[in-house]
Amino acid sequence: ERLTGIDQLEDLLRRTEEERKRRVEDMLAVFSEKLLGVAHVSPGEVERWVDLETTKANQTNVDNRKAAEDLVSRLRVQSLERHKTRRTEWAEGMLRWRQFRHRYAVSVVKKRIASEEFVHPGELSDVFTRVRATQREVYAERVRLLQVLFSLTAENVTSLKARTQQEAIASLNDKAQEAYDNYFAELKRIKDGLHERGEQML
């Protein structure tokens, strides 16, 4: 927009100078005719005077054109310098904005990672609650089986009863181990999910 205004000013100065030159030439022509009509001086003197005034007018025209070109040139340089300065300021502003946005994003991520969602996730608490419940059930069943085993006396103990109790304890251990393995797999899934969410945030 500023450059367009400078171009318009340059065109206006050029047209103004052309109009001034045309008027001066017209006035000199009219004046020389009047001088010749008066016959106060010889045609040669009038011609020399007209040549002198024309030379002065041409020199003024050249000086004016140079001044106009110099003005337009300085205005263009100034406009380009302003444009460069504004572009530099804009680039610096964008850099500051990106840095601010980055710092803000990192701050949000850190706060979220330090929140209950990652430190004490609800899924993790739920698994631990179920682990405790399973441990209590297994413990209670073991105590019951041991009580049955210890209640056997020398008179009523048989290899079949002893083997039955042994198999019941082994079966209980296998079921408990299977449940714990499932819990560990679930804990790993939760941990991997938290890690993946954290990576996505970064």
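This is a predicted model: local features need pLDDT of at least 70, side-chain atom pairs count only at pLDDT 80 or more; totals for chains, interfaces and linings use all residues.

Q: How do I read a helix, and what span does helix 5 reach?
A: Helices are DSSP runs of H or I with at least four residues, numbered from the N terminus. The expected span is 1.5 Å times one less than the number of residues. Helix 5 covers residues 159-201, which is 43 residues. From first C-alpha to last it reaches 63 Å, close to the 63 Å expected.

Q: Which residues of helix 5 are buried?
A: Buried means under 20% relative accessible area, exposed means over 50%, and partly exposed lies in between (1.4 Å probe, protein chains only). The buried residues of helix 5 include Gln-165, Leu-172, Ala-176, Glu-186 and Gly-198.

Q: What covers them?
A: The cover includes helix 3 (116-119) and helix 4 (122-151).

Q: What is a nonpolar core, and which residues make up the largest one?
A: A nonpolar core is a set of buried Ala, Val, Leu, Ile, Met, Phe, Trp, Tyr and Cys residues joined through side-chain atoms within 4.5 Å. The largest has eight residues: Phe-118, Val-127, Val-131, Ala-179, Tyr-183, Leu-187, Ile-190 and Leu-194. Helix 5 gives the largest share, five residues.

Q: What is Phe-118 in contact with, beyond its neighbours within four places in sequence?
A: Contact means heavy atoms within 4.5 Å. Phe-118 is in contact with Arg-112, Ile-113, Leu-194, Arg-197, Gly-198 and Met-201.

Q: Is Thr-134 buried or exposed?
A: Thr-134 is found in helix 4. Thr-134 is buried, with a relative accessible area of 11%. Leaving aside neighbours within four places in sequence, Thr-134 is in contact with Ala-179, Tyr-180 and Tyr-183.

Q: Which side chain joins Thr-134 in a polar contact?
A: A polar contact is a pair of N or O atoms within 3.5 Å; within protein, one must be able to donate a hydrogen and the other to accept it, and residues adjacent in sequence count only if both atoms are side-chain atoms. Here the side chains of Thr-134 and Tyr-183 are joined at 2.6 Å.

Q: How many salt bridges does the structure hold?
A: A salt bridge is a side-chain nitrogen of Lys or Arg within 4 Å of a carboxyl oxygen of Asp or Glu. The structure holds 17.

Q: Where do Glu-53 and Lys-56 lie?
A: They are three residues apart in helix 2 (residues 43-113), so about one helical turn separates them. Glu-53 is partly exposed at 22% relative accessibility, and Lys-56 is partly exposed at 45%.

Q: Which residue forms a salt bridge with Glu-186?
A: Arg-130 does, with the closest N and O atoms 2.7 Å apart. Glu-186 lies in helix 5 and Arg-130 in helix 4, so the pair ties together parts 56 residues apart in sequence. Arg-130 counts as partly exposed, at 30% relative accessibility.

Technical notes: Residues are numbered from 1 along each chain as its sequence is written. Side-chain values use heavy atoms; hydrogens and water are left out. Helices (H or I, at least four residues) and strands (E, at least two) are DSSP runs, numbered from the N terminus.
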